[in-house]
Every structure is written in structure tokens, then in C-alpha cells.
Amino acid sequence: AGEDVGDAMDTIASHYKIALKADNPQEFKKALEGMKAGAQEAQKGTPPKLEKEPADGAKMTDFRHGLDILIGQINDAEKLADAGQFEQAKAAAEKFKDTRNTYHKKYK
Ligand code: HEM
């Protein structure tokens, strides 16, 4: 029901590509905001693999939690960019892949 997780993932992915290539904090932060919006949209949806799971069951709860982890990592990277630590912010953004890979293994 609700949002299409695949569409939300495409939104996350297109902004992530821009974030990783960004050469200034403004462009980087704008892309992170786009990623965050995509993650919030994804949280409103149900992955095809979980369609038979109860909306508040353990798997759906863990799916949404995984997106909260990603949102937290995005916020941390934004804070680094705000603090003038752009290289560290970019390195932090590379680490989003760990979260992606962990949750894709489970639910993609
Ligand atoms: C940097 C982070 C991430 C990126 C770039 C990313 C990217 C993608 C892409 C490109 C797809 C294929 C979309 C399509 O079917 O058109 C996808 C699918 C999916 N992703 Fe992610 N993802 C990320 C993080 C996550 C996280 C944290 C979760 C769960 C907590 C997640 C759950 C899923 C699921 C369930 C699908 C399958 C959707 C479907 O088949 O409709 N992803 N992701």
C-alpha cells in the first residue's frame, strides 16, 4: 500500500550519485536533502518482498528502521559539511553503502 518503494529508491539513487560527485558543500547538501526525501517516501511504502507481512510486524518495523539509520547517516554527513569538513562529509557519504548493502540483502 502507499508509496512505491522502487520509485523512492530511484529517487535516493539519483541524488546519491550527485552527492558522491559533488565538488562543493552546497551541491552536496542539496543532493542529501533529495536522498532524505526519498528515504522518507520509502518508509511509507511496502517492499514487494514484504507484502504479506503485517504493517507493524518485525520485518516491516526493521525495514523502516533501516531507513532511519540511513536518514541518521545523512544528517551526520550534513553536519560535517556545515562544519566545513567537506572531505569527511564525502567520506561519511561513502559509508551509506554499508547500510544499503545490509538492507538490500534482507529486503530487496
Ligand atoms: C544509499 C542508499 C540506497 C540506495 C542508493 C538504494 C538504491 C536502490 C535501487 C536503485 C533500487 C532498485 C529500484 C528499482 O526497483 O527501480 C533499490 C531497491 C530496493 N531498496 Fe534500496 N537503496 C538504498 C538504501 C536502501 C535501504 C536503507 C533499504 C531498506 C531499509 C532499501 C530497500 C530497498 C528495497 C526493499 C528495494 C526493492 C524495491 C522493489 O523491488 O520495489 N534500500 N534500492
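What arrangement do the 6 donor atoms around the iron atom of the ligand make? Octahedral, because they subtend angles of 88 to 179°. For six octahedral donors, the ideal angles are 90 or 180 degrees. Keep in mind that this is a predicted model.

Who coordinates from the protein? Met-9 through SD and His-104 through NE2, at 2.0 to 2.3 Å from the iron atom. The pair links distant parts of the chain. Met-9 sits in helix H1, His-104 in helix H5, and 95 residues separate them. Neither is buried. Met-9 is partly exposed, at 26% relative accessible area. His-104 is partly exposed too, at 29%.

Now the core. The largest nonpolar core has 27 residues. Those with the most contacts inside it are Phe-28, Leu-32, Met-35, Ala-39, Phe-63, Ile-74 and Phe-96.

Take Met-35. Beyond its neighbours within four places in sequence, Met-35 contacts Ile-12, His-15, Tyr-16, Ile-74 and Phe-96.

Next, H3. Of the elements, H3 gives the most to this core, with 8 residues. H3 has 25 residues and spans 36 Å from first C-alpha to last, close to the 36 Å expected. Its buried residues include Phe-63, Gly-66, Leu-67, Leu-70, Ile-71 and Ile-74. Why such spacing? An α-helix has 3.6 residues a turn, so residues three or four places apart point the same way. The buried residues of H3 pack against H1, H2, H4 and H5. After H3 comes Gly-84, with a positive phi near 80°.

Note on methods:
Residues numbered from 1 in each chain as written. Predicted model: local features only at pLDDT ≥ 70, side-chain atom pairs only at ≥ 80, totals over all residues. Heavy atoms only, no water. Core = buried A, V, L, I, M, F, W, Y, C linked by side-chain atoms within 4.5 Å. Buried < 20%, exposed > 50% of the residue type's maximum accessible area, 1.4 Å probe, protein only. Helix = DSSP H or I, 4+ residues; strand = E, 2+ residues; numbered from the N terminus. Contact = heavy atoms within 4.5 Å. Expected span 1.5 Å × (residues − 1). Donors = N, O, S within 2.8 Å, 3.2 Å for Na, K, Ca; no water. Tetrahedral: all angles 85-135°; square planar, octahedral: opposite > 155°, others 65-115°.
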